[in-house]
Structures are given as structure tokens and as C-alpha cells.
Amino acid sequence: MLRNPINKETGVRVKEIIEIPEFELSNGVKIPALGMGTFPIGNKRIPMVMREAKKIGYTLFDTSSSYGNELGVGLSLGRHDFITTKISNYDQKNDSVRLG
């Protein structure tokens with residue numbers, strides 16, 4: 001494990017791996033209690049930001065249709081990552097929301 005590596009792209013020093021508490025869902029899956037917000041990071045920068053966040057322990061990422069970065073977030077997700085999102089008030093009309 002690298003200690004205090006410096007990201008060559010951002011120049012930011014990664015101080016340590018963090019341990020994030022988890023909640024267990026009714027189906028037995030454990031989801032992190034803490035995630036990284038992706039606003040106001042655009043589609044172009046989000047892959048690098050999420051890659052660095054994963055290095056220090058993040059596996060849950062929060063986005064919203066109103067952030068305009070869902071494509072970049074989606075393409076950056078790995079098999080064991082989680083995503084939370086929100087539906088904007090504008091998109092909560094009957095013809096915009098898919099029935100569950």
C-alpha cells in the first residue's frame with residue numbers, strides 16, 4: 001500500500017485509506033454509510049476524481065439528473081460501486097417517471 005502518494009494529475013496528496021461504516025440492506029448487501037458527492041464536477045473530470053476517491057476507499061457516489069454528470073459517473077462505476085441519485089422536480093411528472 002502506498003503511503004501519502006501524490007496524484008500526478010491533480011497534485012493532491014492522498015493522506016490515507018479511509019474505512020467507511022456500512023449498513024446492511026434487507027437482502028444482505030452492505031452499502032456504505034458515506035459516499036462522495038459529485039456536484040459540481042463535470043463529465044470530463046469525474047472519471048479522474050472518482051478514480052482517486054476509490055483509491056482512498058469510496059465506493060458510493062451521489063449524483064442527480066440536475067448535475068449534468070450522470071454519463072461520466074455511470075461510465076466510471078465499477079462492479080462493486082454504489083450510486084445514489086435524485087430525480088429533479090421537473091422530472092417527477094407522470095410521463096417522465098417509469099413505473100416500478
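The legends below describe close-up views of a predicted model. Local features need pLDDT of at least 70 and side-chain atom pairs count only at pLDDT 80 or more, while totals for chains, interfaces and linings use all residues. Residues are numbered from 1 along each chain as its sequence is written, and side-chain values use heavy atoms, with hydrogens and water left out.

**View 1. The cis peptide bond between phenylalanine 39 and proline 40.** Its omega is about 5°. Proline 40 sits in the loop between β3 (36–37) and α1 (46–55). Helices (H or I, at least four residues) and strands (E, at least two) are DSSP runs, numbered from the N terminus.

**View 2. The largest nonpolar core, with 11 residues.** Its members include Ile20, Met36, Ile41, Tyr58, Phe61 and Val73. The most is given by α1, with five residues. A nonpolar core is a set of buried (under 20% relative accessible area, 1.4 Å probe, protein chains only) Ala, Val, Leu, Ile, Met, Phe, Trp, Tyr and Cys residues joined through side-chain atoms within 4.5 Å.

**View 3. The open sheet of three strands, β3-β4-β5.** The pairing is parallel. Because β3 and β5 (82–84) stand at the edges with a single partner strand each, one side of each has no neighbour in the sheet. Strand β4 (residues 60–62) pairs with β5 over three bridges; two strands pair if DSSP finds at least two bridges between them. Phenylalanine 61 has isoleucine 83 in β5 as its bridge partner.

**View 4. Alanine 33 in the loop between β2 (30–32) and β3.** At 38% relative accessibility, alanine 33 is partly exposed (between 20% and 50%). Its C-alpha atom is 6.8 Å from that of isoleucine 20, 13 residues apart along the chain. Leaving aside residues up to four places away in sequence, alanine 33 contacts (heavy atoms within 4.5 Å) Ile20, Pro21, Glu22 and Phe23.
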